[in-house]
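Subject: Structure handover

Hello,

Here is the structure for you to look over. My notes on the pocket and the ligand follow below.

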Amino acid sequence: MKGFDHVIEPSFDDVFGHDFHLKGKWHSNWFGNNNPIVLELGCGKGEYTVSLAEMYPQKNFIGIDIKGARMWKGAKESHHRKQVNATFLRTRIELLGSFFAAGEIDEIWLTFPDPQPKWKREKKRLTGPAFINLYRNFLKENGIIHLKTDSRELFDYTLALAQVNGLQIITSVTDLYGQLPGDPLLSIRTHYEDIFLKKGVLINYLAFRLPNEKEIISRG
Ligand SMILES: C[S@@+](CC[C@H](N)C(=O)[O-])C[C@H]1O[C@@H](n2cnc3c(N)ncnc32)[C@H](O)[C@@H]1O
């Protein structure tokens, strides 16, 4: 990972309690353009980051995960493809407030996050109110959040949360490949997705807009 110039692995001390040096400066000091920035959170091997970077050269992508061994696969593939619009950031999602300034991010992809089904683990769900309120700090007003998941429970939970909070739903399907066949954006397959598809599990997809003025509350 250290040999890749598109991989950032900050130490805990680099970001805990203070801002990372690129906060608010990703456009000017890192990508060198004003193109939209899209995050893939819990990117694993970074299939979305790499494939979307290929499909959208006019956008910048950052794959984020805490696990370096998984991320290395995506970083290697992106390096092989000579992508200048893909970056990998190894850190905890909880710390993203130290990395990105208000309005710096245009879209967020959540690709097969752990569903954290136990109610007392709601705080850990990447689509729960704690995380959604964290994303509000750096996602543009009405920026899009995409959720792709094998878990019908997580899908239903997130849809209910969006509805309770009056968020605008863009797309909501419980059988992605049956209902939106051939959509190139949605047919990128991740490592975890492949495992679920082989077991015959249906894939759910939800996209909604997040206004940033109002705190998101739990659906209770
Ligand atoms: C089920 S895997 C999905 C990986 C990949 N998106 C895929 O679909 O193959 C969830 C990923 O989220 C990462 N993750 C979970 N919680 C995280 C956190 N709080 N901060 C950073 N990464 C996290 C894990 O390390 C893991 O790689």
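The largest pocket has a volume of about 700 Å³. (A pocket is an open set of points on a 1 Å grid over the protein atoms alone, where a 1.4 Å probe fits, with protein on both sides within 12 Å along at least five of seven lines; lining residues have an atom within 4 Å of a point. The volume is the space filled by probe spheres set on the points.)

This is a predicted model: local features need pLDDT of at least 70, side-chain atom pairs count only at pLDDT 80 or more, and totals for chains, interfaces and linings use all residues. Residues are numbered from 1 along each chain as its sequence is written, and side-chain values use heavy atoms, with hydrogens and water left out.

The lining of the largest pocket comprises 29 residues. Nearest the pocket's centre are G42, D65, P113, D114 and L126.

The ligand sits in this largest pocket, meaning that more than half of its atoms lie within 2 Å of the pocket's grid points. Around the ligand are 17 residues (each with a heavy atom within 4 Å of it). G42, D65, R70, T111 and T190 come nearest.

Now the polar contacts (pairs of N or O atoms within 3.5 Å). A ligand oxygen is 2.7 Å from a side-chain N or O atom of R70. Backbone polar atoms also take part: one of Y192 is 3.0 Å from a ligand oxygen, and one of H191 is 3.5 Å from a ligand oxygen.

Taken alone, the ligand exposes 590 Å², and the protein buries 92% of that (Shrake-Rupley method, 1.4 Å probe).

Best wishes

Conventions: A polar contact is a pair of N or O atoms within 3.5 Å; within protein, one must be able to donate a hydrogen and the other to accept it, and residues adjacent in sequence count only if both atoms are side-chain atoms.
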